[in-house]
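Please find below my note on the model you asked me to look over.

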Amino acid sequence: MQVHQIIRSKPVTAVITVPPGTSVADAARLLAERRIGAVVVSADGKTPQGILSERDIVRDLGRRGSVCLEEKVDALMTRNLISCAPGDSADMVLEKMTAGRFRHMPVMDRGEMVGIISIGDVVAARISELAMEKDALEGMIKGN
């Protein structure tokens, strides 16, 4: 399965972005309202400058307390993003996420962000793929 197939199967394909300079508190509210795990920091909505996840916020809350909520997303976001392309395989994406210990990855096509996938998206797609393979094998064995 490829990344573009995973994106197409998602109920909501829009990438939620916040501009640089947004407060961490506002970003946290957005995460809660949208029930998502990360926002992409981008001035134009197409070029990612960083990503801020729930995990980033919780780590800083634990380290410094609620004062971090007054900071700007620029201070907490991950800047060195690892991205993927629509034609990349789900297995490759899963390997990158596991090795890098992150859960969200922008999907880039010709320098423009066209989506975002989470490790949950990839795992769900892989489970679906395995179920189809199982059904096909059972059909072959039973002669259906």
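The points below go from the whole chain to single residues.

1. This is a predicted model, in which local features need pLDDT of at least 70 and side-chain atom pairs count only at pLDDT 80 or more, while totals for chains, interfaces and linings use all residues. Residues are numbered from 1 along each chain as its sequence is written, and side-chain values use heavy atoms, with hydrogens and water left out.

2. The protein chain has 6 helices and 5 strands, where helices (H or I, at least four residues) and strands (E, at least two) are DSSP runs numbered from the N terminus. Along the sequence these elements follow the pattern α-β-α-β-β-α-α-α-β-β-α, and the C-alpha atoms fill a box of roughly 65 × 35 × 25 Å along the principal axes.

3. Of the 144 residues in the protein chain, 35% are buried; buried means under 20% relative accessible area, exposed over 50%, and partly exposed in between, with a 1.4 Å probe and protein chains only. Among contacts (heavy atoms within 4.5 Å) with a separation of 6 or more, 52% join residues 24 or more positions apart.

4. Helix 2, which spans residues 24–34, has V24, A25, A27, L30 and L31 as buried residues. Their cover includes strand 1 (17–18), strand 2 (38–41), strand 3 (50–53), helix 3 (54–64) and helix 4 (73–76). After helix 2 comes R35, with a positive phi near 55°.

5. What does the side chain of D56 reach? D56, which lies in helix 3, reaches the backbone nitrogen of S53 with its side chain at 2.9 Å. D56 is buried yet has no salt bridge, and the nearest side chain of opposite charge, that of R59, is 4.5 Å away; a salt bridge is a side-chain nitrogen of Lys or Arg within 4 Å of a carboxyl oxygen of Asp or Glu. If residues up to four places away in sequence are not counted, D56 touches I51, L76 and T78.

6. R101, in the loop between helix 5 (90–100) and strand 4 (104–109), has a positive phi of about 55° although it is not a glycine, and R101 counts as exposed because its relative accessibility is 67%. R110, in the loop between strand 4 and strand 5 (112–118), also has a positive phi, near 55°, and its relative accessibility of 78% means that R110 counts as exposed.

Technical notes: Lys, Arg positive; Asp, Glu negative; His and termini not counted. Polar contact = N/O pair within 3.5 Å; in protein donor to acceptor, adjacent residues only side chain to side chain.
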